Amino acid sequence: MITASKFLLLLVLFFSLYPTQAQQITVRGTVKDNFDIPLLGANILIEGTRRGTATDSDGVYQILAAEGERLVISYLGFISQRIIAGSGDTFDVILQPGNDLEEVIVIGYGTSSRKALTDNVAPINSEQIKEIPVASVQGALVGKAAGVQVTQVGGRAEGGFKIRVRGVATISGNQEPLYVLDGVPLSKSDVSINESPINDLVSLNPADIASIDILKDASAAAIYGSRGTNGVVLITTKSGQQGKTRFSFNSAYGWSEASNKRDWLNTSEYVELYTEAALNSGFTEDDAASYFNLYAQDEADWREGRVDTDWQDLALVSGSVKDINFSVSGGDEKTTLFLSTGYNNTNGIIRGNTLERYSLRVNMDHKANDWLTLGLNSNLSKTQLSRIANDFDFANPMQSIAQIPFTRPYSDDGITPNTSTLYFNFLMNEFNGEHESNIWRAFAKLYTQIDFTRNLYLRTEFGYDFTTQLEERFFGSLTQEASTNGFGDALDDKEENFVINNFIQYQFAREKWQLEATLGMSYEELLVKSVFVEGRDFPSDQLRKLVSAGEITGGGTLEQTVSLVSYFARANATLFDRWLLKASIRVDGSSRFGADSKYGTFPAASLGWLASNEPFLQDNKAISNLKLRANWGITGNANTNPFASRTEFSTTIYDNEAGFFLNRLGDPELSWEKTEQFNIGLDLGIFNNRLNASFDYYDKYTDGLLNEVPIPATNGIRSVVRNIAEIQNTGFEWVLDATNISAKNFSWNMTLNLAFNSNEVKVLPDGADISRGTRIVREGETVASFYLVEYAGVDPDNGDALFYLNTELPDGSLDRSTTNDFNAASRRVLGNPFPDVIGGFTNSFRYHGIDFSFTFQGEWGAQLYNGGGIYQSTNADFFDNQTRDQLNRWQQPGDITNVPQARLFGANGSQRSSRYLEDSDFIRLRNLTLGYTLPFGITERIGMDRIRFYFTGVNLLTITDYSGWDPESTADSTQLNSASSGFVFYSPPQARTLTFGINLDF
């Protein structure tokens, strides 16, 4: 293992090298497309450096370069070209359309061209996401990358996202990928006071992003070692370019609504159904009427239907989106600058939910001399949230749908919420309470790069990520949380993440081979401090800060530090322009794990063969690119309780005396979950790369999964966390990228991606099942499979709900006879929450100044369990309002239906069974954009480079048989992990948004 002292010695040796200098010359010229039209914004980058510029509206560029340096000229949708500085002063370049094999892809501690890549990396550039009107980065990734499932938890403006890369590889650990912003790994705990997650990247302005590269296989992600199992998302923000100063302004405004609403009983239907249910259960009509009168202000409200409240319309409201961004970019051969500011105001589709974000970014690169470059990437943002209760709370607006339709939402004054409702009236929290979150996030990365020679440099990066989140809640004297004179609480959380990266990179080239090597180390430290306090008995509902509380009833503090030290190395070689080899290794030492397992080693290797460069294919006019890839690697998952390996004592107070008690037993051998992954792939390009296809097969095996293991409770502890299980994911991915038409005035590009994944639990301790409620983890099944009694429909003779017995017969088969006794039926595995197939389909068209694009996404093979179904669709078992399909209940012998007879308090089919389990297959028109760019002759006359108007729609259409609000929305509690995925509980749908905007470049 490389020790710190040895590494520092290497640094000293490299620093002692005398920096060399090369003669600087000015290279200038123009860049046009194949129809001799100037390309605005084409990139000119000096290969192997961060120095570059971009063309102006006339396609003109100018850049200072050292003699002999290679310049790469690139533009999205065109094949890059290279020129060598010194072989002429002026270079006029014509770019041809097609897939760019020279596209630069970020791979972690460096970059690679697509041509030289031997790993599976999904690149997404700013052009693909820039006009999608979402407040979050992840929302723009939906349907863009094969094997990457992006799901918004629900319709909240600040809602969290679940991103799964090549399936789920954990039971109780975090399943999210590692996010790396401009080379700095991000770390943000979810400390929401209401246990509803806030998106980790809510503070990042999507307009600032230049590219996103998703490292999917182990060979790519192993450079991040113990945090690479769930994939790595590399986010690169925009930087300045040499040339004249350019200004860009974007303004968009839009309207939102719920993408779907469900049908519920109105007053007359409710009275009919519940009167019938009461009679079927032995009650009288007078009994039913007396109950109705409890929740009606006047008997005529329900008898004559004078009141018919649509509680769903009160919960799901019309929203709006306002997004404004302004940026400045420019510089010379010494200094380049990118400055941007952004504002986003999102009024959510759930009543009382809003987001407002301000952001400021400064990115700067400065070449101090021929051998020293300095740089800064910085961002400051403030996010203000008005929040609502989580899905499981009666105060959540969506739970108001259970209210009786003839109950009035407001009192006679039309302002004060009605308190005589079946459940707590959520409108009271809007009228008599508040929940506000304020998040400040400051991010900065400073770097220095010392070029010892043209081929050797040392780079040092210091990253600092600071987040402070203040959450304050107040519940007035009329709310359900405040039994007397109001209740309030507050949480102040501060997190500081320090990152230091030092790495040396060496590039060496000869006629028949090239070598690139990276050697480095990294140190990270995360410090978390939080303070929580709560109080009650406020003198007035207008005094809402805790300083006014008559009694402080509770509180606490938390402070913890987590550190990670790493050493890494990587080497890439290209032989005869045909053979590609790569090997890497990373050693991580983490404070999270036991004394016997603090360090782990994560190696990777890959091999590629550029068959299209072989003599027998070089002259082939059809095949322009053919590459075979194979790689292997080991990654880890370290997202677990930072003190799970240690025995923990907690403090308590008993009889006014302080003390402590044993809270958790540690395990000195506790270590990260490790994933070994093998990937083989093929890249094919034909007709000068106008049609490109990629095929990948992977086998991803994870062992040492962390989970609680029961132990004898003689010491008061019932379980301990250990590495106990093994899971396997296997799958196939296919990507098709085509330039279907490329004419002077018309172009059509298309991308299709499909991914198939199979998940299986391979090993559990002693082969024993882990069963939790409606879920089971069982060998041979998908992790978190649904384990339920199987619903068999309705007995046509008497309206009883039926269930399959599913008891095992002597021959090993299952008894498929039915029973009306729920407790007599056996549970079985009936589905799982993870799709077998996911896909995305994107098309983009251009005709003269008109551009049009759309993206469809789809998922197939997963199921969702509606935990709220035992209240929403119970054929009137209790007084909650019901879904309208309950009117199709059994009423007389011979009726054929799937809804049992309505029986008040009868539990006739309302138990937790597969009755509430549904397939969640869907196809969704995720986004659509139509734009028009004014002719350059018009814009030039008014001093502008570009003026573009556009319309964008998000979630415009969903094709599905799923009966719930949204086949992607699931319960939002932070307490839910992989083992409880696919659980729905009054989970709101995503928003459908229509936006109009304008782009100005000058």
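## A tour of domains, bridges and rings

Start with the whole chain on screen: this is a predicted model, and the count of salt bridges in it comes to 42. Let's visit one of them. Select Arg 156 and Asp 391, which form a salt bridge whose closest N and O atoms are 3.1 Å apart. Now look at where each partner sits. Arg 156 is in the loop between strand S11 (148-152) and strand S12 (161-165), while Asp 391 is in the loop between strand S21 (372-386) and helix H8 (427-432), so this pair ties together parts that are 235 residues apart in sequence.

Next, colour by domain. You'll want three colours: domain 1 covers 23-96, domain 2 is made of 129-239 + 363-374 + 426-790 + 830-867 + 917-977, and domain 3 is 791-824 + 868-911.

Keep domain 2 and domain 3 in view. Taken over C-alpha atoms, their centres are separated by 41 Å. Zoom in on where they touch: 6 residues of domain 2 are in contact with 12 residues of domain 3. About 690 Å² is buried between these two domains, and carbon and sulfur atoms give 39% of that.

How many salt bridges are there between domain 2 and domain 3? The count is 1. Now select Arg 816 and Glu 790: these two form a salt bridge, with the closest N and O atoms 2.6 Å apart. On the side of domain 2 that touches domain 3, the residues divide into 3 nonpolar, 2 polar and 1 charged.

Last stop: aromatic rings. The structure holds 47 aromatic pairs, so pick out Phe 732 and Phe 756, whose ring centres are 6.4 Å apart with planes at 40 degrees, which makes the pair tilted. Show the strands as well: Phe 732 lies in S34 (residues 719-742) and Phe 756 in S35 (residues 746-763), so the pair ties together parts that are 24 residues apart in sequence.

Conventions
Residues numbered from 1 in each chain as written. Predicted model: local features only at pLDDT ≥ 70, side-chain atom pairs only at ≥ 80, totals over all residues. Heavy atoms only, no water. Domains from an automatic or database assignment. Contact = heavy atoms within 4.5 Å. Buried area = accessible area lost by both parts, 1.4 Å probe. Salt bridge = Lys/Arg side-chain N within 4 Å of Asp/Glu carboxyl O. Nonpolar A, V, L, I, M, F, W, Y, C, P; charged D, E, K, R; others polar. Phe/Tyr/Trp six-rings, centres within 6.5 Å; stacked < 30°, edge-to-face > 60°. Helix = DSSP H or I, 4+ residues; strand = E, 2+ residues; numbered from the N terminus.
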